[in-house]
Amino acid sequence: MSRDFLGFSRSDAPCRHHTHTGPAMLVTITDFGSQGPYLAQMKAAAMAHAPDLPILDLFTDAPAFNPRAAAYLVSAYAADLPEGAVILGVVDPGVGSERAGIVVHAGGRWFVGPDNGLFALAARHAGGAAAWRIAWTAPDASATFHGRDIFAPVAARLARGERPLGMPLDPATLVGADWPDDLAEIVYVDAYGNCMTGVRANTLPPGARVRIAGHAPARGRTFSDVPEGTPLWYTNANGLVEIAVNAGRADTALGIGVGTPVEIASTP
Amino acid sequence: MSRDFLGFSRSDAPCRHHTHTGPAMLVTITDFGSQGPYLAQMKAAAMAHAPDLPILDLFTDAPAFNPRAAAYLVSAYAADLPEGAVILGVVDPGVGSERAGIVVHAGGRWFVGPDNGLFALAARHAGGAAAWRIAWTAPDASATFHGRDIFAPVAARLARGERPLGMPLDPATLVGADWPDDLAEIVYVDAYGNCMTGVRANTLPPGARVRIAGHAPARGRTFSDVPEGTPLWYTNANGLVEIAVNAGRADTALGIGVGTPVEIASTP
Amino acid sequence: MSRDFLGFSRSDAPCRHHTHTGPAMLVTITDFGSQGPYLAQMKAAAMAHAPDLPILDLFTDAPAFNPRAAAYLVSAYAADLPEGAVILGVVDPGVGSERAGIVVHAGGRWFVGPDNGLFALAARHAGGAAAWRIAWTAPDASATFHGRDIFAPVAARLARGERPLGMPLDPATLVGADWPDDLAEIVYVDAYGNCMTGVRANTLPPGARVRIAGHAPARGRTFSDVPEGTPLWYTNANGLVEIAVNAGRADTALGIGVGTPVEIASTP
């Protein structure tokens with residue numbers, strides 16, 4: 001069967017820890033949209049501290065002004081980033097108010113951003129989290145753009161290996177500590193109209209049924225498990241319960257969007 | 001005329017082969033859209049194997065679910081990428097079905113993605129192509145996201161210099177081997193409403209005429225060769241026949257879009 | 001107060017000049033939109049000359065076909081880029097005509113693009129600018145894509161440390177030399193509907209009042225300084241007078257957009 005084999009001459013293992021001596025990966029999660037200057041300004045501020053910083057923009061369309069919904073995305077999508085990655089999260093309707101900035105360390109990754117719950121679930125689901133309040137501020141920080149002026153420099157310095165000093169905060173005192181472990185609502189609609197919930201599929205009992213907006217989609221493994229135009233739910237590639245329509249858009253077909261409640265029931 | 005001269009102190013030649021020892025460039029071509037997590041997740045999976053991998057996103061808006069139209073774009077737009085570049089192409093409506101994953105080497109560049117025709121024209125137009133089937137799969141690969149779980153790691157390993165082992169496939173057995181050399185349809189509409197065809201302009205006889213949707217646009221070299229509001233066709237910057245309207249949008253003005261047939265005739 | 005302190009083990013200073021020996025940062029400002037191949041093609045052309053070039057896309061939605069409005073953005077947003085950065089600006093409705101290409105050096109940064117005024121304000125506001133005309137052209141340059149074929153290679157070579165030879169142009173002879181120091185119009189609408197003017201706030205007298213489209217927004221420091229649904233103006237994070245509506249969109253609420261005139265008056 002050598003005809004069908006794509007072999008490689010070296011090990012399958014990712015090479016990060018063996019050959020890479022530069023800064024860790026910076027990953028942005030924002031509601032800034034895919035256009036306009038803000039994301040690049042934030043990245044330029046980070047690169048001033050770490051010029052060879054690898055940067056990925058994971059979400060530019062996190063739920064706008066909605067750190068609670070975004071928190072469930074952050075937890076699910078940080079989980080497949082490499083250890084050491086620094087997540088710079090800015091969904092920050094309270095910028096300019098008195099909300100604090102924080103650093104969280106959880107699951108081997110760093111999180112930097114506002115203390116508004118955005119990292120609450122990532123900290124809880126990973127276990128063993130530590131947190132610090134950011135007291136540092138740039139001498140000329142603006143009132144409205146802490147992502148650029150405060151969070152990006154802190155994130156870059158973590159990425160290049162510096163570590164926070166001082167006594168950690170108790171994560172139980174952070175905003176979001178009282179939010180549920182899973183959120184039975186739509187938290188994100190992707191470009192295809194597929195609707196993610198804040199529910200981790202591996203928390204459901206076998207045979208669990210999903211209901212949303214009067215529909216009871218069947219469970220599938222891939223879209224083609226149901227006829228075209230039919231809704232289904234499945235475990236998405238990051239472990240969340242997701243609702244879609246085969247060859248269609250679930251958001252418009254079912255009339256659902258961020259905030260729509262989902263009902264999950266065990267089989268009777 | 002030294003006043004008008006912008007000279008440089010060194011050679012005009014690109015410096016790649018002399019000074020760069022890192023991995024080759026990874027170039028993504030997808031229909032994922034410019035928002036949402038999927039593109040960054042795929043890139044993170046590649047960077048786990050090649051942390052300093054230079055990555056460019058060439059298309060995030062390739063014709064959605066349409067590998068046939070996309071194949072003509074891939075061929076035209078891969079041609080000006082540097083030799084050694086690895087094109088990671090994911091326009092993959094069949095993910096989760098039995099379609100295979102392949103690696104193609106053509107024109108000095110690598111192509112990684114589904115065997116659904118996406119690379120068929122790049123292989124044919126470059127000549128001398130070789131192909132391999134990807135039998136490797138990640139132990140925990142998802143059912144719905146082969147771009148992240150299979151294609152990205154393979155692409156990254158090619159970019160860092162590993163080479164496929166085993167016997168190549170015959171490219172004539174790949175999906176798309178029976179597609180035409182040029183596709184007389186609109187295959188892409190850009191942000192300005194300009195409409196690209198799948199026809200290489202250098203295959204046309206001198207004096208060829210173009211007709212589309214009842215219009216017979218004149219040939220121009222640049223937009224300003226026709227009055228404002230008037231359609232024209234020209235050889236675009238990647239060699240394809242493209243239809244536009246000076247100071248307007250061809251897609252809405254002419255009522256055309258991906259899939260609209262184009263008629264090309266020699267002068268009578 | 002060690003509990004609230006996020007200290008670091010090293011200096012606060014950005015590390016660029018001490019540890020980074022690669023090329024300077026390339027920053028793109030275009031009206032190409034966030035999708036489609038053109039931006040990546042331009043970056044690939046730059047990377048052919050500087051494979052490890054760090055690149056940021058500052059604006060992909062600069063005012064389309066409007067180098068005059070864009071010029072005020074370029075000046076305000078280049079100012080917080082690191083010294084040595086190379087700004088590759090392509091808002092170029094005249095491509096294919098006889099307009100020249102230029103290099104400008106101002107405020108320690110480089111600007112590369114068309115001589116259509118795009119860099120006129122950056123040159124003037126920074127002071128001490130020098131400029132060169134680009135006479136070089138690629139042997140196979142296209143008629144319609146100078147960003148890829150001419151400007152990107154020039155920008156990359158500046159980023160890797162090459163310097164223009166020959167006699168500088170007099171910046172007073174460039175297009176835009178007669179434009180006002182500040183433009184009392186909306187020059188950009190961001191993703192949230194906030195509307196930037198081309199007026200630097202620090203040029204206004206104390207107590208200045210702003211009027212636009214029949215509205216007289218109060219001055220604020222942050223959005224929450226006015227009730228929800230109420231317009232305000234403030235100095236944005238890059239020093240421009242910006243008009244917004246707390247918890248709303250100024251563009252639709254006030255019926256304003258790029259080109260809407262702004263009236264600024266001293267207190268009577």
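Which residue of chain A comes closest to the rotation axis? In this predicted model, that residue is Ser34(A), whose C-alpha lies at 3.8 Å from the axis. Chain A is superposed on chain B by a rotation of 120 degrees with 0.0 Å of shift along the axis, the RMSD being 0.0 Å. The two copies are thus related as by a three-fold rotation axis. Only 3% of the interface residues of chain A are also interface residues in chain B, so the copies meet through different surfaces.

Within chain C, Lys43(C) is part of helix H2, which spans residues 38-47. Because buried means under 20% relative accessible area, Lys43(C), with a relative accessibility of 12%, counts as buried. The side chain of Lys43(C) is joined to that of Asp57(C) by a polar contact of 2.6 Å. When neighbours within four places in sequence are left aside, Lys43(C) is in contact with Ile55(C) and Asp57(C) of chain C and with Leu56(B) of chain B.

Ala85(C) is located in the loop of chain C that runs between helix H3 (67-78) and strand E3 (86-90). Apart from neighbours within four places in sequence, the residues in contact with Ala85(C) are Met25(C), Arg109(C) and Trp110(C).

Conventions
Residues numbered from 1 in each chain as written. Chains lettered and ligands numbered in written order. Predicted model: local features only at pLDDT ≥ 70, side-chain atom pairs only at ≥ 80, totals over all residues. Heavy atoms only, no water. Least-squares fit on C-alpha atoms with pLDDT ≥ 70 in both. Contact = heavy atoms within 4.5 Å. Helix = DSSP H or I, 4+ residues; strand = E, 2+ residues; numbered from the N terminus. Buried < 20%, exposed > 50% of the residue type's maximum accessible area, 1.4 Å probe, protein only. Polar contact = N/O pair within 3.5 Å; in protein donor to acceptor, adjacent residues only side chain to side chain.
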